[in-house]
Amino acid sequence: PQKGEKLRFIEMANNNAKITLENRTKEKEDIVLKLKEILNLDKLPRKIESFDISNIAGEHMVAGMCVAKDGVINRNLARRFKIKTVFTQDDPKCLEEVVSRRIKHSVDNPKGAFGTLPDVIFADGGITQIKAIKRAIDKYEVQIPVFGMVKDDKHNTKKLIDDEKNEIELEDN
């Protein structure tokens with residue numbers, strides 16, 4: 001429409017769409033800013049990677065990696081890793097292997113499939129898993145904060161723990 005009431009409807013729909021998009025973008029920015037503050041990070045956690053180990057009765061071990069960019073989970077960046085060097089049920093050793101492989105990809109080829117290094121890493125587990133991931137990161141002399149996700153009896157994350165065993169309570173699970 002070039003004029004009249006129909007043009008006003010189009011303009012109103014356009015305006016509403018812009019406002020909705022701005023609100024959604026603002027919500028995601030607020031999440032990232034709040035996470036930076038809660039975790040006391042030096043920079044915004046624009047790229048977050050989370051790792052978990054899974055197995056069936058100690059066999060068929062795999063690791064899953066989930067990625068969030070700018071506060072939004074990016075399913076296209078998720079990866080599954082087969083565990084290659086650990087032959088017993090040992091989550092920390094599995095995490096060390098997988099994170100080493102993942103970090104190596106970005107160090108060797110920052111424009112490759114994994115892209116840039118994450119700004120922060122979360123692991124399903126506590127201090128033992130954090131230390132394993134820190135060993136993997138230290139091999140490449142990069143600095144990435146690592147936090148463990150402590151679960152409740154319903155497997156919801158109830159708090160985070162850092163590499164100095166400081167616990168960070170979460171408001172909403």
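# A tour of the pockets and the strands around them

By class, 18 nonpolar, 7 polar and 8 charged residues line the largest pocket. Here Ala, Val, Leu, Ile, Met, Phe, Trp, Tyr, Cys and Pro count as nonpolar, Asp, Glu, Lys and Arg as charged, and the others, Gly among them, as polar. Before you click around: this is a predicted model, where local features need pLDDT of at least 70 and side-chain atom pairs count only at pLDDT 80 or more, while totals for chains, interfaces and linings use all residues. Residues are numbered from 1 along each chain as its sequence is written, and side-chain values use heavy atoms, with hydrogens and water left out.

**Stop 1: the largest pocket.** Select Leu35, Phe122, Met149, Leu160 and Leu170, which lie nearest the centre of this pocket among its 33 lining residues. Its volume is about 1000 Å³. On the pocket rules: on a 1 Å grid over the protein atoms alone, a pocket is an open set of points with protein on both sides within 12 Å along at least five of seven lines, a cavity is a set where a 1.4 Å probe fits but cannot get out, and lining residues have an atom within 4 Å of a point. Grid points are joined across faces, edges and corners, and a volume is the space filled by probe spheres set on the points. Now colour helix 1, which gives the most to this lining, with 6 residues. Helices (H or I, at least four residues) and strands (E, at least two) are DSSP runs, numbered from the N terminus.

**Stop 2: strand 5.** Next, pick strand 5, where 5 of 5 residues are buried (under 20% relative accessible area with a 1.4 Å probe, protein chains only; exposed is over 50%, partly exposed in between). Which residues of strand 5 point one way and which the other? Val120, Phe122 and Asp124 go one way, Ile121 and Ala123 the other.

Show its neighbours too. Strand 1 runs parallel to strand 5, joined by 4 bridges, and strand 6 also pairs with strand 5 in the parallel sense, over 4 bridges. Pairing takes at least two DSSP bridges between two strands.

**Stop 3: Lys159.** Jump to strand 7 and select Lys159. Is Lys159 buried or exposed? At 14% relative accessibility, Lys159 counts as buried. Its side chain makes a polar contact with the side chain of Glu167 at 2.8 Å. Such a contact is a pair of N or O atoms within 3.5 Å; within protein, one must be able to donate a hydrogen and the other to accept it, and residues adjacent in sequence count only if both atoms are side-chain atoms.

**Stop 4: the second largest pocket.** Select Asn40, Leu41, Asp42, Ile144 and Pro145, which lie nearest the centre of a pocket lined by 18 residues. This one has a volume of about 420 Å³.

**Stop 5: two loops.** Finish with Asp70, in the loop between strand 2 and strand 3. Its phi is near 50°, a positive value in a residue other than glycine. His155 sits in the loop between strand 6 and strand 7, with a positive phi of about 65°.
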